Amino acid sequence: MTVRNRVEITGEGPVLVHGPVDVTGPDGDVVRSERAVTALCTCRRTRRFPFCDTSHRDRERRGGRGGGSR
């Protein structure tokens, strides 16, 4: 039986990979994720690159509502 991973491009946040996955970083290091869904960061705000830690949500909240600036 062949297992296929599914990749989901959200457009508003991370790329979601369904199923276990090996992730190769820009430095060539390979990290294995056994999670059912792995969120890969696309905005580079995460402290856990290449994995998303939802840092993009904090930035959107501050800049999006109320017109506040940083």
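The sulfur of C41 has its closest cysteine sulfur in C43, at 3.9 Å, which is too far for a bond. A disulfide is a covalent bond between the sulfur atoms of two cysteines. Here it is counted when a pair of cysteine sulfur atoms lies within 2.5 Å, and by this rule the count is 0 disulfides. C41 is buried, with 11% relative accessibility, whereas C43 is partly exposed at 30%. Buried means under 20% relative accessible area, exposed means over 50%, and partly exposed is in between (1.4 Å probe, protein chains only).

This is a predicted model, in which local features need pLDDT of at least 70, side-chain atom pairs count only at pLDDT 80 or more, and totals for chains, interfaces and linings use all residues. Residues are numbered from 1 along each chain as its sequence is written, and side-chain values use heavy atoms, leaving out hydrogens and water.

Strand 1 (residues 6-9) and strand 2 (residues 15-18) run antiparallel and are joined by 4 bridges. Strands are DSSP runs (E, at least two residues), numbered from the N terminus, and two of them pair if DSSP finds at least two bridges between them. R6 is opposite H18 of strand 2. The hairpin has 5 residues between the strands, and in it G11 takes a positive phi near 80 degrees.

The mean pLDDT of the chain (the predictor's confidence in each residue, from 0 to 100) is 80, with 79% of residues at 70 or more. Over residues 62-70 pLDDT stays under 50, and the model has 5 contacts beyond four places in sequence for them, a contact being heavy atoms within 4.5 Å. Where pLDDT is low, the predicted coordinates should not be read in detail.
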